[in-house]
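Welcome! Take a moment to look over the model below, and then we can walk through it together.

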Amino acid sequence: MTNLITTLDPASRAASRGWSDTTIRNVFVIPTVAFLIIFNVFPLLYSLGFSFTDFRASSKASVNFVGFKNYVDVLADPVIWRTFTTTLWYVIVSVTGQFMVGFGLALLLNRPLPFKGLLTTLLMLPMMLSPVVVGLFWKLIYDPSWGILNHALGLGRVAWLSDANLALYAVAITDIWMWSPFVMLLSLAGLSAVPKHLYEAASIDRAGKLYTFFRITLPLVAPILLIAVIFRTMEAFKTFDIAFVMTGQPAAELISSRLYKMAFQQWQTGPSSALAYIILIMVLCITNIYVKYLNKAKER
(Lines give C-alpha, C1' and ligand atoms only; values in the text may rest on other atoms or scores of the structure.)
Protein backbone atom coordinates (compact mmCIF):
# COMPACT_ATOMS: atom_id res chain seq x y z
CA MET A 1 0.00 0.00 0.00
CA THR A 2 2.87 2.37 0.80
CA ASN A 3 4.35 1.90 -2.66
CA LEU A 4 0.98 2.64 -4.27
CA ILE A 5 0.69 5.89 -2.36
CA THR A 6 4.22 7.15 -2.82
CA THR A 7 5.01 5.93 -6.34
CA LEU A 8 3.97 7.68 -9.52
CA ASP A 9 3.34 6.25 -12.96
CA PRO A 10 6.86 5.47 -14.27
CA ALA A 11 5.93 7.03 -17.64
CA SER A 12 4.93 10.37 -16.11
CA ARG A 13 7.14 13.46 -16.31
CA ALA A 14 7.19 13.84 -12.52
CA ALA A 15 8.41 10.26 -12.10
CA SER A 16 11.21 10.87 -14.62
CA ARG A 17 12.41 13.67 -12.37
CA GLY A 18 12.42 11.40 -9.35
CA TRP A 19 9.33 12.91 -7.72
CA SER A 20 7.03 10.78 -5.59
CA ASP A 21 3.40 11.35 -4.62
CA THR A 22 4.62 12.39 -1.18
CA THR A 23 6.90 15.06 -2.69
CA ILE A 24 4.11 16.45 -4.86
CA ARG A 25 1.77 16.47 -1.85
CA ASN A 26 4.29 18.34 0.30
CA VAL A 27 5.29 20.84 -2.38
CA PHE A 28 1.93 21.59 -4.05
CA VAL A 29 -1.11 20.14 -2.28
CA ILE A 30 -0.40 21.05 1.35
CA PRO A 31 0.57 24.73 0.63
CA THR A 32 -2.55 25.12 -1.54
CA VAL A 33 -4.85 23.69 1.13
CA ALA A 34 -3.15 25.83 3.78
CA PHE A 35 -3.61 28.94 1.64
CA LEU A 36 -7.32 28.20 1.17
CA ILE A 37 -7.82 27.60 4.88
CA ILE A 38 -5.99 30.77 5.94
CA PHE A 39 -7.48 33.16 3.41
CA ASN A 40 -10.92 31.61 2.77
CA VAL A 41 -12.14 29.20 5.43
CA PHE A 42 -10.76 31.02 8.48
CA PRO A 43 -12.22 34.48 7.58
CA LEU A 44 -15.52 32.78 6.73
CA LEU A 45 -15.77 31.14 10.15
CA TYR A 46 -14.40 34.24 11.91
CA SER A 47 -17.09 36.47 10.39
CA LEU A 48 -19.72 33.86 11.22
CA GLY A 49 -18.76 34.25 14.88
CA PHE A 50 -19.05 38.05 14.61
CA SER A 51 -22.59 37.71 13.23
CA PHE A 52 -23.76 36.44 16.63
CA THR A 53 -22.18 39.29 18.62
CA ASP A 54 -22.51 43.06 19.03
CA PHE A 55 -18.88 43.56 17.99
CA ARG A 56 -17.96 46.91 16.42
CA ALA A 57 -14.56 47.17 14.73
CA SER A 58 -14.36 50.88 15.63
CA SER A 59 -14.90 50.31 19.36
CA LYS A 60 -12.83 48.71 22.11
CA ALA A 61 -15.93 47.83 24.13
CA SER A 62 -16.38 44.27 25.30
CA VAL A 63 -17.99 41.88 22.86
CA ASN A 64 -21.30 40.32 23.91
CA PHE A 65 -23.06 37.30 22.46
CA VAL A 66 -26.49 38.33 21.12
CA GLY A 67 -27.58 35.13 19.38
CA PHE A 68 -29.74 35.65 16.29
CA LYS A 69 -30.55 39.27 17.14
CA ASN A 70 -28.44 40.63 14.29
CA TYR A 71 -30.20 38.38 11.79
CA VAL A 72 -33.63 39.37 13.10
CA ASP A 73 -32.74 43.09 13.02
CA VAL A 74 -31.38 42.86 9.49
CA LEU A 75 -34.43 41.01 8.19
CA ALA A 76 -36.76 43.47 9.94
CA ASP A 77 -35.06 46.52 8.42
CA PRO A 78 -37.20 48.00 5.58
CA VAL A 79 -34.11 49.60 4.04
CA ILE A 80 -32.51 46.16 3.68
CA TRP A 81 -35.64 44.79 2.00
CA ARG A 82 -35.79 47.75 -0.35
CA THR A 83 -32.15 47.15 -1.22
CA PHE A 84 -32.82 43.45 -1.77
CA THR A 85 -35.68 44.35 -4.14
CA THR A 86 -33.45 46.77 -6.04
CA THR A 87 -30.70 44.16 -6.28
CA LEU A 88 -33.09 41.47 -7.50
CA TRP A 89 -34.39 43.74 -10.25
CA TYR A 90 -30.82 44.68 -11.14
CA VAL A 91 -29.88 40.99 -11.42
CA ILE A 92 -32.86 40.29 -13.68
CA VAL A 93 -32.10 43.22 -15.99
CA SER A 94 -28.35 42.66 -16.06
CA VAL A 95 -28.31 38.88 -16.51
CA THR A 96 -31.12 38.95 -19.09
CA GLY A 97 -29.30 41.62 -21.06
CA GLN A 98 -26.01 39.72 -20.90
CA PHE A 99 -27.70 36.52 -22.01
CA MET A 100 -29.45 38.13 -24.99
CA VAL A 101 -26.45 40.17 -26.16
CA GLY A 102 -23.88 37.44 -25.50
CA PHE A 103 -25.85 34.64 -27.12
CA GLY A 104 -26.80 36.89 -30.03
CA LEU A 105 -23.15 37.72 -30.68
CA ALA A 106 -22.24 34.04 -30.45
CA LEU A 107 -24.84 33.18 -33.09
CA LEU A 108 -23.42 35.87 -35.37
CA LEU A 109 -19.85 34.68 -34.86
CA ASN A 110 -20.71 30.99 -35.30
CA ARG A 111 -20.29 31.21 -39.06
CA PRO A 112 -17.48 31.90 -41.52
CA LEU A 113 -16.52 35.57 -41.24
CA PRO A 114 -13.50 37.57 -42.41
CA PHE A 115 -11.16 38.42 -39.54
CA LYS A 116 -13.32 36.34 -37.20
CA GLY A 117 -10.47 35.78 -34.71
CA LEU A 118 -9.65 39.50 -34.51
CA LEU A 119 -13.33 40.42 -34.15
CA THR A 120 -13.81 37.89 -31.33
CA THR A 121 -10.74 39.22 -29.52
CA LEU A 122 -11.95 42.81 -29.79
CA LEU A 123 -15.38 41.84 -28.44
CA MET A 124 -13.73 40.19 -25.44
CA LEU A 125 -11.79 43.31 -24.44
CA PRO A 126 -14.45 44.78 -22.08
CA MET A 127 -14.34 41.86 -19.65
CA MET A 128 -10.54 42.11 -19.50
CA LEU A 129 -10.71 45.63 -18.07
CA SER A 130 -10.79 46.52 -14.39
CA PRO A 131 -14.38 47.08 -13.13
CA VAL A 132 -13.30 50.37 -11.55
CA VAL A 133 -11.89 51.59 -14.86
CA VAL A 134 -15.09 50.52 -16.63
CA GLY A 135 -17.20 52.33 -14.03
CA LEU A 136 -15.21 55.56 -14.41
CA PHE A 137 -15.29 55.25 -18.20
CA TRP A 138 -19.08 54.90 -18.31
CA LYS A 139 -19.51 57.60 -15.68
CA LEU A 140 -17.93 59.99 -18.16
CA ILE A 141 -20.21 58.70 -20.92
CA TYR A 142 -23.29 59.33 -18.73
CA ASP A 143 -22.20 62.79 -17.63
CA PRO A 144 -25.18 65.17 -18.11
CA SER A 145 -23.03 68.15 -19.11
CA TRP A 146 -20.65 66.76 -21.73
CA GLY A 147 -21.26 63.01 -21.80
CA ILE A 148 -21.30 61.49 -25.26
CA LEU A 149 -24.48 59.45 -24.66
CA ASN A 150 -26.84 62.43 -24.23
CA HIS A 151 -25.21 64.20 -27.15
CA ALA A 152 -25.47 61.16 -29.46
CA LEU A 153 -29.12 60.51 -28.59
CA GLY A 154 -30.08 64.20 -28.52
CA LEU A 155 -31.52 63.90 -25.01
CA GLY A 156 -30.26 67.16 -23.57
CA ARG A 157 -29.10 67.14 -19.94
CA VAL A 158 -30.37 63.78 -18.70
CA ALA A 159 -28.83 63.00 -15.30
CA TRP A 160 -28.48 59.24 -15.68
CA LEU A 161 -26.57 58.59 -12.47
CA SER A 162 -28.31 61.08 -10.18
CA ASP A 163 -31.85 60.20 -11.27
CA ALA A 164 -33.14 57.45 -8.96
CA ASN A 165 -35.28 56.02 -11.77
CA LEU A 166 -32.40 55.78 -14.25
CA ALA A 167 -29.32 55.03 -12.13
CA LEU A 168 -30.07 51.33 -11.74
CA TYR A 169 -30.50 50.84 -15.49
CA ALA A 170 -27.37 52.88 -16.21
CA VAL A 171 -25.31 50.57 -13.99
CA ALA A 172 -27.00 47.49 -15.51
CA ILE A 173 -26.16 48.66 -19.05
CA THR A 174 -22.53 49.08 -18.00
CA ASP A 175 -22.50 45.57 -16.53
CA ILE A 176 -24.08 44.19 -19.71
CA TRP A 177 -21.42 45.88 -21.83
CA MET A 178 -18.64 44.47 -19.68
CA TRP A 179 -19.80 40.87 -19.20
CA SER A 180 -21.75 39.99 -22.35
CA PRO A 181 -18.46 38.78 -23.91
CA PHE A 182 -18.23 36.17 -21.13
CA VAL A 183 -21.63 34.74 -22.12
CA MET A 184 -20.61 35.02 -25.77
CA LEU A 185 -17.45 32.99 -25.17
CA LEU A 186 -19.27 30.16 -23.41
CA SER A 187 -22.04 30.22 -26.01
CA LEU A 188 -19.49 29.94 -28.82
CA ALA A 189 -17.99 26.90 -27.12
CA GLY A 190 -21.43 25.31 -26.91
CA LEU A 191 -22.36 26.15 -30.50
CA SER A 192 -19.11 24.78 -31.88
CA ALA A 193 -19.77 21.48 -30.07
CA VAL A 194 -23.13 20.88 -31.78
CA PRO A 195 -22.68 18.00 -34.28
CA LYS A 196 -22.81 19.28 -37.85
CA HIS A 197 -24.61 16.18 -39.12
CA LEU A 198 -27.72 17.24 -37.18
CA TYR A 199 -27.94 20.44 -39.23
CA GLU A 200 -27.33 18.44 -42.40
CA ALA A 201 -30.16 16.04 -41.51
CA ALA A 202 -32.47 18.96 -40.75
CA SER A 203 -31.57 20.55 -44.09
CA ILE A 204 -32.36 17.32 -45.93
CA ASP A 205 -35.73 17.20 -44.16
CA ARG A 206 -36.27 20.82 -45.22
CA ALA A 207 -36.61 22.03 -41.65
CA GLY A 208 -36.92 25.80 -41.26
CA LYS A 209 -34.40 27.94 -39.43
CA LEU A 210 -36.68 28.50 -36.45
CA TYR A 211 -37.40 24.79 -36.16
CA THR A 212 -33.67 24.00 -36.37
CA PHE A 213 -32.86 26.62 -33.74
CA PHE A 214 -35.47 25.53 -31.20
CA ARG A 215 -35.16 21.79 -31.82
CA ILE A 216 -31.40 21.38 -32.30
CA THR A 217 -29.34 24.43 -31.40
CA LEU A 218 -31.05 25.65 -28.24
CA PRO A 219 -31.56 22.23 -26.54
CA LEU A 220 -27.93 21.20 -27.12
CA VAL A 221 -26.49 24.57 -26.03
CA ALA A 222 -28.87 24.95 -23.05
CA PRO A 223 -26.56 23.29 -20.46
CA ILE A 224 -23.64 25.59 -21.16
CA LEU A 225 -25.98 28.60 -21.34
CA LEU A 226 -27.26 27.71 -17.87
CA ILE A 227 -23.67 27.55 -16.63
CA ALA A 228 -23.10 31.06 -17.98
CA VAL A 229 -26.31 32.28 -16.32
CA ILE A 230 -25.29 30.67 -13.01
CA PHE A 231 -21.93 32.43 -12.97
CA ARG A 232 -23.34 35.78 -14.02
CA THR A 233 -26.22 35.59 -11.52
CA MET A 234 -23.80 34.96 -8.66
CA GLU A 235 -21.57 37.81 -9.77
CA ALA A 236 -24.50 40.19 -10.34
CA PHE A 237 -25.70 39.65 -6.76
CA LYS A 238 -22.21 40.59 -5.57
CA THR A 239 -21.83 43.64 -7.83
CA PHE A 240 -20.15 46.40 -5.88
CA ASP A 241 -17.24 48.07 -7.65
CA ILE A 242 -19.08 49.32 -10.76
CA ALA A 243 -22.13 50.53 -8.80
CA PHE A 244 -19.98 52.13 -6.08
CA VAL A 245 -17.86 54.02 -8.59
CA MET A 246 -20.75 55.15 -10.76
CA THR A 247 -23.49 56.04 -8.28
CA GLY A 248 -24.25 56.25 -4.60
CA GLN A 249 -27.98 56.95 -4.93
CA PRO A 250 -29.98 55.26 -2.14
CA ALA A 251 -32.76 54.30 -4.57
CA ALA A 252 -30.21 52.56 -6.81
CA GLU A 253 -28.21 51.13 -3.93
CA LEU A 254 -27.39 47.43 -4.29
CA ILE A 255 -27.16 45.03 -1.37
CA SER A 256 -23.36 44.86 -1.63
CA SER A 257 -23.15 48.65 -1.32
CA ARG A 258 -25.43 48.55 1.75
CA LEU A 259 -23.17 45.86 3.24
CA TYR A 260 -20.11 48.04 2.62
CA LYS A 261 -21.73 51.04 4.32
CA MET A 262 -22.80 49.00 7.34
CA ALA A 263 -19.39 47.36 7.73
CA PHE A 264 -16.93 50.13 6.88
CA GLN A 265 -18.80 53.42 7.26
CA GLN A 266 -21.20 52.75 10.12
CA TRP A 267 -18.94 50.08 11.69
CA GLN A 268 -21.85 47.73 12.44
CA THR A 269 -19.59 44.71 12.27
CA GLY A 270 -22.02 42.21 13.82
CA PRO A 271 -25.11 43.13 11.75
CA SER A 272 -23.02 43.46 8.57
CA SER A 273 -21.61 39.96 9.11
CA ALA A 274 -25.17 38.67 9.52
CA LEU A 275 -26.21 40.44 6.31
CA ALA A 276 -23.23 38.90 4.48
CA TYR A 277 -24.36 35.41 5.47
CA ILE A 278 -27.94 36.14 4.48
CA ILE A 279 -26.67 37.17 1.04
CA LEU A 280 -24.55 34.01 0.89
CA ILE A 281 -27.55 31.82 1.70
CA MET A 282 -29.68 33.58 -0.93
CA VAL A 283 -27.04 33.14 -3.63
CA LEU A 284 -26.63 29.47 -2.71
CA CYS A 285 -30.39 28.90 -2.91
CA ILE A 286 -30.68 30.58 -6.30
CA THR A 287 -27.63 28.72 -7.57
CA ASN A 288 -29.11 25.44 -6.37
CA ILE A 289 -32.24 26.12 -8.43
CA TYR A 290 -30.10 26.77 -11.51
CA VAL A 291 -28.10 23.58 -10.92
CA LYS A 292 -31.33 21.60 -10.62
CA TYR A 293 -32.45 22.82 -14.04
CA LEU A 294 -28.93 22.28 -15.39
CA ASN A 295 -29.07 18.61 -14.39
CA LYS A 296 -32.47 18.28 -16.06
CA ALA A 297 -31.10 19.89 -19.23
CA LYS A 298 -28.18 17.44 -19.26
CA GLU A 299 -30.55 14.48 -18.86
CA ARG A 300 -32.34 15.51 -22.03
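Is the crossing of helix 8 and helix 10 left-handed or right-handed? In this predicted model, helix 8 and helix 10 cross in a right-handed way. The residues that make this contact are Pro 131, Val 134 and Trp 138 on helix 8, together with Ile 173, Thr 174, Trp 177 and Met 178 on helix 10. Sorted by class, six of the residues in this contact are nonpolar, one is polar and none is charged.

Two packed helices can be described by the angle between their axes and the distance between those axes. For helix 8 (residues 131-141) and helix 10 (residues 167-192), the angle is about 130° and the axes are 11 Å apart. The two helices, helix 8 and helix 10, are therefore oblique to each other.

Now turn to another pair. Helix 11 (residues 196-204) packs against helix 12 at an angle of about 170°, with the axes 11 Å apart. Because of this, helix 11 is roughly antiparallel to helix 12. Leu 198, Tyr 199 and Ala 202 of helix 11 meet Thr 212, Ile 216, Thr 217 and Leu 220 of helix 12. This contact has five nonpolar residues, two polar ones and no charged ones.

Next, look at the nonpolar cores. The largest one has 36 residues, and those touching the most other members are Ile 80, Phe 84, Tyr 90, Tyr 142, Met 246 and Leu 275. Helices that each supply at least two residues of this core include helix 5 (78-109), helix 8, helix 10 and helix 15 (269-299). Leaving aside neighbours within four places in sequence, Phe 84 is in contact with Ile 255, Leu 275, Ile 278, Ile 279 and Met 282.

Notes: Residues are numbered from 1 along each chain as its sequence is written. This is a predicted model: local features need pLDDT of at least 70, side-chain atom pairs count only at pLDDT 80 or more; totals for chains, interfaces and linings use all residues. Side-chain values use heavy atoms; hydrogens and water are left out. Axes are lines fitted to C-alpha atoms, for helices over the stretch in contact, and angles run from 0 to 180 degrees between N-to-C directions. Helices (H or I, at least four residues) and strands (E, at least two) are DSSP runs, numbered from the N terminus. Angles under 35 degrees count as roughly parallel, over 145 as roughly antiparallel, 65 to 115 as roughly perpendicular and the rest as oblique. A crossing is left-handed if the near helix is turned anticlockwise from the far one by less than a right angle, and right-handed if clockwise. Contact means heavy atoms within 4.5 Å. Ala, Val, Leu, Ile, Met, Phe, Trp, Tyr, Cys and Pro count as nonpolar, Asp, Glu, Lys and Arg as charged, and the others, Gly among them, as polar. A nonpolar core is a set of buried Ala, Val, Leu, Ile, Met, Phe, Trp, Tyr and Cys residues joined through side-chain atoms within 4.5 Å. Buried means under 20% relative accessible area, exposed over 50%, partly exposed in between (1.4 Å probe, protein chains only).
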